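I opened a notebook on this model. These are my entries, in the order in which I looked things up.

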Amino acid sequence: MFNNYLLTSLIGLSLISSLLIYLIGSEQAPWRARGLALLSMIGSFIIGLLLLVGFNPNQPGFQFQENYLWIKAWNIYYAVGVDGISLSLIILTLFIMSLVVLSIWPMQSPHAAQYLSTCLLIQAFLIGSFAATDAIFFYVCWEAILIPVILSIGIWGSQERAYAALKLFMYTFVGSMFMLLVLLYLGNLKESADFTIHHWYPLKLNWLEQLFVFSGFFIAFAIKVPLWPLHTWLPHAHTEAPTESSMILAALMLKLGSYGLLRFCLPIAPDVARWFAPIICIIGLIAIIYGGLVALAQQDMKRLIAYSSIAHMGLTILGIFLVFLVPYASSEVARVSLQGAFFQMIAHAITSAGLFFTVGILYQRFHTRTISHYQGLAHTMPLLASCFMIFALSNLGLPGTGGFVGEFFVIMSTVQVNIWMGLLAAMTVLLSASYTLYLYGRLFWGEVAYPQNTPSISLKGTEKIILILLAVSSLSLGILPMPLLNEIKPTLDNLLQLSLQTKL
Amino acid sequence: MSQLFTFPPTIPLFLLTMTISILLTDLFLPKHIHKSYWGKRFIYLLSILTLLFMETWIALLYPYTTQQFFTGHFIWDPLTAWLSLVLIGISLLVFIYAYDDLTNRSLIVNDYYLLTLFSLLGMLVLISAGSLLIVYLGLELMSLPLYALVSLERRSNVQTEAAMKYIIMGVVASALLLYGFSFSYGISQSLMLDQLSPLLADTTTPLLLKIASLLILVAFLFKLGVAPFHFWVPDVYQSAATAVTLWIATVPKLAGLGILLRIMALNTHALTISGSSILLVFGIISLVIGNLIALVQTELKRLLAYSSIGHLGFIVLSLALPNTGYKVAIFYGISYGLMITMVLGALAQLTKRGLDIRFINELRGLGNQHPSLAGIILVGMSAMAGIPPFLGFLAKLGILQLLIIAKLYSVACIVVMASAVGAYYYFNIIKIMYFETPEKASLPSYTPHYSFPLIILLFNAIALVGFGVFPDILIHYCERMVESLLLS
């Protein structure tokens, strides 16, 4: 009965709670902000549950659709709707954001309420982007994320935060502007009635138009993914951001790029995508190997995890663009590749959220991110060590953890296309094992060597909850991947079919 | 009496009467009342009441039909009516924000309000002009008080220098305007604008008329501050008191836009060079110059000056495309007016709190010290950069859509790149306010309290967000404004 309003109420709840927390929250009465945030979390949880329960994966098209005329003069609608991949990403957003709210909970700093408000604002716009079915509404939410993100990095981050925020802002803004041109072009073609994205899928475009469309989209999304060589904003942003912002950045904002590729780039300009696919697959491979090698050389924990994110996202892009390289007879390989890429997105989100959160705990206690300043933490912080072990194993792709399924599917498909590409793609396992186990070993194993590591400042309640939740979800993704796969299979098959068509 | 009320030319007449009354009151008010609390604010309040009265008066005259008075010299059509409403509305905002800045700089408050009221009178005459004579009358009445306002601090050397630059360049521009007028009178044998239009719309306009149009255009572009006629803008904005910059940067631009619309609506064929409008060229030059030079500025008002040159480049660009372009131009003009009024208003309020901001670096740490004003400047900067969900984004969207529908893809790319460049210096200000701590720990202490201008600033910011999310009503009224100008 309420199906028509669920998505709008989700976005509206996040917006209103963000505004209220900003207005009402104060450092003298921290429970105001915390109470509001708790209510907002519970509300979002209920709506998310309703969405999950009411969603039918096998039904084609978008569900929970809402369509209202927004700007009459320019034919822009406020249109939202979810399909398999949107819904998975929205549930992921709700999950990670509730962990973020829990993480900010015990903060005593004077601006904790404003920080909460900023994070909830990011949540509102993220859900708006994932749920949007009108292109200009998607663009509005996409750009609107920028200001809260740079504020959260710049105000609550560490030493070089201004530079990191600047780089993030300029890179993303410049990339997105060309996407705006492309969206306006597509929406004003004679054949397209308005800006609805899925109405553009059957649109006939000639080669030049497709080239223009693909380039515009690709620049914007490749910067967000981030795809080598447009990745240079990521290490700075992740390193200098505070813990919760790192979690949001790594887990959610990076997924915007790949989601955009699946939603916009591939179905609307399939021929040019096919033409560019070999180059982009090679770039993905370079990203995997480059990310892994540079991660090995890092002395800063967060930077290491940031480069690991670049490597994993390289694998995702490889999985997405591989569908154009498979031998035509075996479309099963293409389907598996796409499923693997998307699964990798979700699993990497949980893994990197866990990794960044752990590093945040350590930084908060010991005020250093340098790996060589730590040793033997397993003695003093056993729960942290156990959970981090699960995140580390998921990062390197051990079967049984979430990171395995996606990697396996993608590497399996790559091997079927070309054995040498498969070999290079499999290097991701080798490299991620190297840097992850190096990181883990240096931090947790060995004797307790440094005096500042000795006082075992035990974990707070909220931190334990977050760690255990993340570890459990990572394991459950690895042991029971079928529920997620069943949700996304029909949508990905549909997108695959659209991407493999030819429009010329 | 009621006939006088519904007779539109009474509106500027009323303003003239009130302004002269305010002048006489100011001159002959007894000294002891001048010093008292309400005496100091008397002229300020009287000016605001005048504006409020006029605003309601014009609003009550709805619906607006095209009427001509004084044998066509005075035109009252939807453009005049709506634009008068906008002008008076923004003047109200300016008056409210400026008071604190004026008193804190110990400037003569009453002179400011008198000069601005005279200038407003000139603007109202300008946008209701039906003949070349009234255009010139309104333009001069608008500009002369502006020249005087720039040098409000009589002892200041920089202000005198800026005022001299402004006067001399402004007088030359007026001379060009009259030159163009004389040519067009010579050819059309009439001063009326609507006698001019059939000649200009004809594709075989004589060369002299094309030159006349160019001269007239150049004069107005000078008044607007469009490159390459922009050289007065940075010096005047920087040297004038913040209250004066607040006036010059906002209201004359909209009035200039109004009269430019009226003249351009007749002019599309006359001002083309091999098919494309010369306005495109001026627009692109303005965009590029404004955004590039703003990158290297270290003083805040100078940066805002160059950014306004850039924004006017956008407006001029959309004027180049007839019909839909006019609507987008007015929409962008109104959104720009709201944004820049808000930013300069916040700066004026900062003066009251003891912070006379000249250099951008002086904004350091404002996010902590003065959160509400810093938040307002944040909203203003984001809106000007074109970030959703603020109004500035929709204005840029309108222009980009216009360019893409007209198939001017390379111009659209230039607009996009200029916006991207512009985003840097807006971000820089946000960065300095929020991400850096102040150098000297001894900023003037301030206990937060809500004052009336601050509340109006907050409403201004809410309007930017509100119109950014629900622009339909604004777009609707922009359409109403230009419908009388549309070429059939």
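How many bridges join strand β1 of chain A to strand β2 of chain A, and do they run parallel or antiparallel? I found six bridges between β1(A), residues 63–71, and β2(A), residues 76–82, and the strands run antiparallel. I used DSSP's rule that two strands pair if at least two bridges are found between them.

Ground rules for these notes. The model is predicted, so local features need pLDDT of at least 70 and side-chain atom pairs count only at pLDDT 80 or more, while totals for chains, interfaces and linings use all residues. Residues are numbered from 1 along each chain as its sequence is written, chains are lettered from A and ligands numbered from 1 in the order in which they are written, and side-chain values use heavy atoms, with hydrogens and water left out. Helices (H or I, at least four residues) and strands (E, at least two) are DSSP runs, numbered from the N terminus.

**Hairpin, chain A**

I looked up individual partners next. E66(A) has V80(A) in β2(A) as its bridge partner. I71(A) stands opposite I76(A) in β2(A). Four residues lie between the strands of this hairpin, and N75(A) takes a positive phi there, near 65 degrees. I then checked burial (buried is under 20% relative accessible area, exposed over 50%, partly exposed in between, with a 1.4 Å probe and protein chains only). Six of the seven residues of β2(A) are buried, so the strand is mostly covered.

**Aromatic pairs**

I searched the whole structure and got 58 aromatic pairs over all chains. Rings of Phe, Tyr and Trp (its six-membered ring) pair if their centres lie within 6.5 Å; planes under 30 degrees apart count as stacked, over 60 as edge-to-face and the rest as tilted. I noted Y185(A) and Y409(B), an edge-to-face pair at 5.8 Å centre to centre with 75 degrees between the planes. This pair crosses between chains, from helix α7 of chain A (residues 161–187) to helix α19 of chain B (residues 409–434). Y185(A) has a relative accessible area of 9%, so I log it as buried. Y409(B) is partly exposed at 32%.

Another edge-to-face pair is F7(B) with F69(B), 5.0 Å centre to centre and 80 degrees between the planes. It links distant parts of the chain, 62 residues apart: F7(B) is in the loop between α1 (2–5) and α2 (10–28) of chain B, and F69(B) is in strand β1 (residues 67–69) of chain B. F7(B) is partly exposed, with a relative accessible area of 33%. F69(B) is buried at 13%.

I also logged one aromatic cluster, formed by W207(A), F214(A), F218(A), W275(A), F276(A), F321(A) and F324(A).

**Charges over rings**

My test asks for NZ of Lys or CZ of Arg within 6 Å of the ring centre and within 35 degrees of the ring normal. R34(A) lies over the face of W31(A), 5.4 Å from the ring centre. K224(A) lies over the face of W142(A), at 4.5 Å.

**Helix α15, chain A**

I compared span with expectation, which is 1.5 Å times one less than the number of residues. Helix α15(A), residues 382–396, has 15 residues and should span 21 Å; its end C-alpha atoms are 21 Å apart, so the two agree. Its buried residues include L384(A), F388(A), F391(A) and L396(A). Among the elements covering them are α12 (301–321), α13 (331–366) and α16 (402–417) of chain A. G397(A) follows the helix with a positive phi, near 90 degrees.

G406(A) sits in helix α16 of chain A. At 0% relative accessibility, G406(A) counts as buried. Contact means heavy atoms within 4.5 Å. Leaving aside neighbours within four places in sequence, G406(A) is in contact with G340(A), F343(A) and Q344(A). Its C-alpha atom is 8.5 Å from that of S337(A), 69 residues away along the chain.

S117(A) lies in helix α4 (residues 112–131) of chain A. S117(A) is buried too, at 7%.

Last, the core. A nonpolar core is a set of buried Ala, Val, Leu, Ile, Met, Phe, Trp, Tyr and Cys residues joined through side-chain atoms within 4.5 Å. The largest one has 383 residues, and F217(A), F321(A) and Y112(B) have the most contacts inside it. α13(A) gives the most to this core, with 20 residues.
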